[in-house]
Amino acid sequence: MRTVTTNRRRIAWRRLLAGAISGLLTAAVALGVAQLVAGITGPLGSPVDAIGAVAINHTPIPVKEFAIAHFGSRDKDALVTGILVVLLAAAAVAGTLALRRLRYGLAVLAVVGAAGVAAAVSQPATTAVDVVPTLAGMTAATIALIVLTRAARAALTPVSPSVTNTEPTPGERAASLVPAGAAPPAAADAPGALGAPASPAAPRPGPGPAPGASRRRFLITGAGVAAVAAAGGGAGQLLLGRFSVAGSRSQVRLPAPAVAARAVPAGAQLRVPGISPFITPSGQFYRVDTDLVVPQVAPDSWTLRIDGMVSRPVEITFDQLLRMPLTEADITLVCVSNVVGGPYAGNARWLGVPLAGLLRRAGLRAGADQVLSTGTDGMTISTPLQAVLDGRTALVAVGMNGQPLPVAHGFPARMLVPGFYGYVSATKWLTRLTVTTFASQRAYWTQRGYAAQAPIKTESRIDVPKPLAQVKAGRTAVAGVAWAPHRGISAVEVSVDSGPWHRATLAAADGIDTWRQWLWAWDAEPGLHSLRVRATDGAGATQTGQEVSPVPDGASGWDSVVVTVT
Ligand SMILES: Nc1nc2c(c(=O)[nH]1)N[C@H]1C(S)=C(S)[C@@H](COP(=O)(O)O)O[C@H]1N2
Ligand SMILES: [Mo]
């Protein structure tokens, strides 16, 4: 009896395994074929990315904050991994169900496919062709599931070990035509219910190995499906390269600025190992956006439309933009999601056309108080019109640190308005500026609970020593950066173990729109110590110690680190 139970268990496991393998291969072929077709129709049709985009747009803010805090710039990888895990689990279930009843498995496929199509059509930047990859993938998946299920059923059909020829016995033939699940429930538990009668006289009771031929057929079918999946995925990846604008970016020649920034003062960069460099290299500049696939916007088809409450709506090409007088400026950009002490802040030298001049060219009508800018990804960003016009260097930028904008940072053009968090000032892949009012239009993040207007709060960060560092007793450099863009930094102070505030030395200022490095020499005494920092802006307002999380208008509080002095 024990042997019979063990055998039945083994059969059940084999069924599960074969079903799961069929399902996973089905998912692989769906993704591979979808990728191949997306390689022809364009990157927005990739079903995983489309589902991811929907997930991003509907993620509740606490979850988004959690993802940014815990996965950082890897949050997108984490999302794609999560979607793949769910898809593969669904596929494994579909494969197992299909062994029972093919149509159950196909029903799971249909649900997943419908979700993929719905996701693709719901994206702002997609068109009808972007559902084609998902449809092609689902068609391939349907065929694969049918073929694999047939092969799996044949391979699972048990026969008596005494049968050595590959001709199926009449019992086997019947079993392979009737899905196992079709047996009436009462019979399902009876020995031998899974298919062919096992010969009671056989030395090993219960089903023996499936005939080598049908098992081989399952393996060959599986390998074939896997090969189609891999070939499709690989070819799709190659074809998707066509949509990259890296090539046209390298062709862009930026004109010299009409208004050049003065050289960064020599004293703006302190010689302290581990401090944030005054100018953040573009490759290290933080990236925050809602895009799983970096938008690829070709400069020759790019235009910037200026409309809304203007007397003459205009549309400008990239060449026209480059022929306008360009201004160069150093501006520090900060993300509203940056927690106290966090990494989402950077400082770069930007090159672009002053935004105020562009808007005035279109003729501003009275009553407007908002510039609503739109990116090709559908992102909308609201900026106070008065700030754009008050003389600060608000730009439609085309250059970053001496190069055309990196694709991930908004190539071919983005907005920058010193003093405001990125979500209300820094539209990447900019394509439209609408002059409007805060009363009539709400931007993307405002619809999701963030403030409509959000100047960057005064913040300071300790870069060295690192949290939980071991430092030698004696003179120790405590250093970092402080920012209050468009107000400037007038003082930075450090406190040890909540003691008195000590004035830090400020590096040379490079205007009021950039961050400022600072340094304090600490006579460190052995023991466990905590250091904290606060800054005062150019208007004399000292950074608040009140701890607030990023929603709705930016974090506040004092950065602190704990170190061990030996
Ligand atoms: N088109 C577009 N522009 C965007 C965003 C976006 O998701 N899409 N994110 C904004 C946010 S929240 C920030 S903080 C800055 C970040 O710019 P960076 O990635 O160049 O650092 O871009 C802003 N511009
Ligand atoms: Mo942001």
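This is a predicted model: local features need pLDDT of at least 70, side-chain atom pairs count only at pLDDT 80 or more; totals for chains, interfaces and linings use all residues.

Student: How many residues does helix 4 have, and what distance does helix 4 reach from its first C-alpha to its last?

Tutor: Helix 4 runs over residues 75-100, which is 26 residues. Its end-to-end C-alpha distance is 38 Å, close to the 38 Å expected at 1.5 Å a residue.

Student: Lys 76 is among the buried residues of helix 4. With which residues is Lys 76 linked in a network of salt bridges?

Tutor: The network joins Lys 76 with Arg 287, Asp 289 and Lys 428. Within it, the side chains of Asp 289 and Lys 428 form a salt bridge with an N to O distance of 2.9 Å.

Student: Why does the pair of Asp 289 and Lys 428 tie together parts that are apart in sequence?

Tutor: Asp 289 belongs to the loop between helix 10 (246-251) and strand 1 (303-308), while Lys 428 belongs to the loop between strand 9 (414-416) and strand 10 (430-436), so the pair connects parts 139 residues apart in sequence.

Student: What of the salt bridge between Arg 392 and Asp 390?

Tutor: There the closest N and O atoms are 2.8 Å apart. Arg 392 counts as buried because its relative accessibility is 14%, the cut-off being under 20%. Asp 390, at 38%, counts as partly exposed.

Student: How should I read the nonpolar residues?

Tutor: In soluble globular proteins, nonpolar side chains tend to be buried together. Here the largest nonpolar core has 75 residues, and those with the most contacts inside it are Ile 306, Leu 321, Trp 350, Leu 358, Leu 359, Tyr 423 and Leu 433.

Student: Which residues is Tyr 423 in contact with, leaving aside its neighbours within four places in sequence?

Tutor: The contacts of Tyr 423 are Val 336, Ile 381, Trp 445, Tyr 450, Ala 451, Ala 454 and Pro 552. There is also a second, separate core of 21 residues, including Val 492, Val 494, Trp 520 and Val 561.

Definitions and conventions
Residues are numbered from 1 along each chain as its sequence is written. Chains are lettered from A and ligands numbered from 1 in the order in which they are written. Side-chain values use heavy atoms; hydrogens and water are left out. A nonpolar core is a set of buried Ala, Val, Leu, Ile, Met, Phe, Trp, Tyr and Cys residues joined through side-chain atoms within 4.5 Å. Buried means under 20% relative accessible area, exposed over 50%, partly exposed in between (1.4 Å probe, protein chains only). Contact means heavy atoms within 4.5 Å. A salt bridge is a side-chain nitrogen of Lys or Arg within 4 Å of a carboxyl oxygen of Asp or Glu. Helices (H or I, at least four residues) and strands (E, at least two) are DSSP runs, numbered from the N terminus. The expected span of a helix is 1.5 Å times one less than its number of residues.
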